[in-house]
Amino acid sequence: MHTVTDTHLFRAVSDATKKALEIAETHLPEDVTAALEAAYASEEEPIARAELGAILDNIALAEETKRPICQDTGVPVIFITLPPDIPYTPAIEEGVRDGVTRATASVPLRPNVVSPMTRANSGTNCGEGMPVVHITPGDTFMLTVLPKGAGSENVSRIAMLLPSQVDNVRRFIVETALEAGGRPCPPIILGVGIGGTFDRAAFLAKEALLEPIDEMDTFEQQICDDVNHLGIGPMGLGGRTTCLAVKVKQAGCHTASLPVAVNIQCWAARRATVRVIL
Amino acid sequence: MTIELATPLGDEILDLKAGDRVTLTGMVYTARDEAHLRMQEEGFPFDPEGAAVYHCGPVISGETVIAAGPTTSARMNALTGFLLDAGVRTLIGKGGMSADVLGLLEGRAVYLAFTGGCAALAASRMKVRGVWFEDLGMPEAVWALELDHLPLTVGMDAHGHNLFGDVAARAEAEFAQMFPK
Ligand code: SF4
C-alpha cells in the first residue's frame, strides 16, 4: 500500500478530469453513434434523414478537427469511484475544479456556469457547488464526466405520483417527451428514476444516463416505442426516431410515495471514463 | 432536391414551402436575447434589408469559429417584429417560433431550421467577418459570419405553414390515443 499525498491526489484528479472532458466533448461514445447510424438507416422521411445525416457529419467532423461536438459544451457532472486505499479528502474535489478550469481553456469549452441569482459568469465552468461531483466506493480509481447541456436539462421533469398511480408512470414519462417536443434536440435518450425520495429519484435519472444504450429491458423498450410513436422526429421536424433509448433505475420508496424523475438527454450524449493515474 | 439561397435575400424566399431543404451562402448576423434588445434601442449595426439573422451564441477563438450551432429560437419570439419590419428576410435557429411570429412572417420572410447541436458542422461552413456589441460577451455579441452552403430546412414559410406546429399537433393526437384520459 502506498501513501498518497494531497498534492498527488489533486494533480492526478485534475489531469483525469481534463482528459475525460477533452475526450467527451469531441467524441461521442460508440453506442450512441451506433444508435444514430441505425436511426439514419431506418428513416424514410427525407427531412428526418437530412437531420440525422447532418448529425452524423457533425460527429465525424468534431472528431477529425478535435472541436466540440456542440457549442453548448454543458456543465460537467462528475462521477468518481474511489478504491479503499485512496483517502477521501478535499483534494479530490479541488482537483476536479482545477481540471474543469484547465479544460475550459484547452478544448475550449464555453463558459456556462453563472451564479444563479446575479447571473455573473465565473469564466471557468466552476461555481459554488459546481461542478457536481459524486463519489462512491469502488475497486478501481475511475472518473467519468457527463457534460450536460441546458436544452435537454431544462425540459426534464419530476413528479410525486400517488401510490395508486403506478399505471401512470409510463404516461408521465411519455408526456415529458411530448411536452419537450423538438426543444431538447431529439433524438433523445431518457434517463428515468423511479422510487427513492424526491432527490434520489432525480439522481437515479441522471445516473441512468451513464448506462450503455445498446440494451433495453421490456419496460424500457415499451416506453421507447411509445415515444417514437409520437412522431416528433429528429429536431421536432417529424420522423420515426424521437428516442434512441430509455434507461430506468429504481429504488425503494415510502409506502405513501411514488417519485418519478425523467432526465432528458439530447443526441449529443457525451460521456467519457478514464482511470485516475497516481 | 436542395434549393440554393444566397444573401442578401429577396422575393425568392416567398417561393419556399415548409419542409423544403435549402442551403444558404453569404453573410448572416448572429443575435440572441441581449443583441435583440440592444438593436431595438440603438439600431442595426448591419444593413437589415434582405438580411439573415442567426439565433446563435458561438464559440470564437481569434478569427476562427470553433463552434456555432443554433440556440432555441422561441426565446426571441417577442423580440422579432422589429427585425422583419426593417427588412430581415430570414431567421435561422432551432425549435421553431410562435404562432405570432408565423403571422409576422406572412408575405415577407421565412424561418430556417439548422440541426441543433451541429456546431462542428456549422463551424466548418463559416468564416468570421466582423463583430459588434462585444461588451455583451462572446455568445451575446452580434457576429458577422460568412456561410458556405449551410444545409437548412424551411421550418416556417411566408404563407402560414409551420412544420413544427404540424408535427406537434400530430404528436398530441397520438398521445391522446395512446393514453386516453
Ligand atoms: S440540447 Fe444538446 S445538442 Fe442541443 S444545443 Fe443543447 S447540448 Fe447541444
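1. A contact means heavy atoms within 4.5 Å. In chain B, 63% of the contacts with a separation of 6 or more join residues 24 or more positions apart.

2. This is a predicted model: local features need pLDDT of at least 70, side-chain atom pairs count only at pLDDT 80 or more, and totals for chains, interfaces and linings use all residues. Residues are numbered from 1 along each chain as its sequence is written, chains are lettered from A and ligands numbered from 1 in the order written, and side-chain values use heavy atoms, with hydrogens and water left out.

3. Start with the ligand. Chains A and B both supply residues around the ligand, so the site is shared between chains.

4. Chain B has 5 helices and 9 strands. These are DSSP runs: helices are H or I with at least four residues, strands E with at least two, numbered from the N terminus. The order along the sequence is β-β-α-β-β-β-α-β-α-β-α-β-β-α.

5. The C-alpha atoms of chain B fill a box of roughly 55 × 35 × 30 Å along the principal axes. Of its 181 residues, 57% are buried, meaning under 20% relative accessible area (1.4 Å probe, protein chains only).

Methods. Near = heavy atom within 4 Å. Buried < 20%, exposed > 50% of the residue type's maximum accessible area, 1.4 Å probe, protein only.
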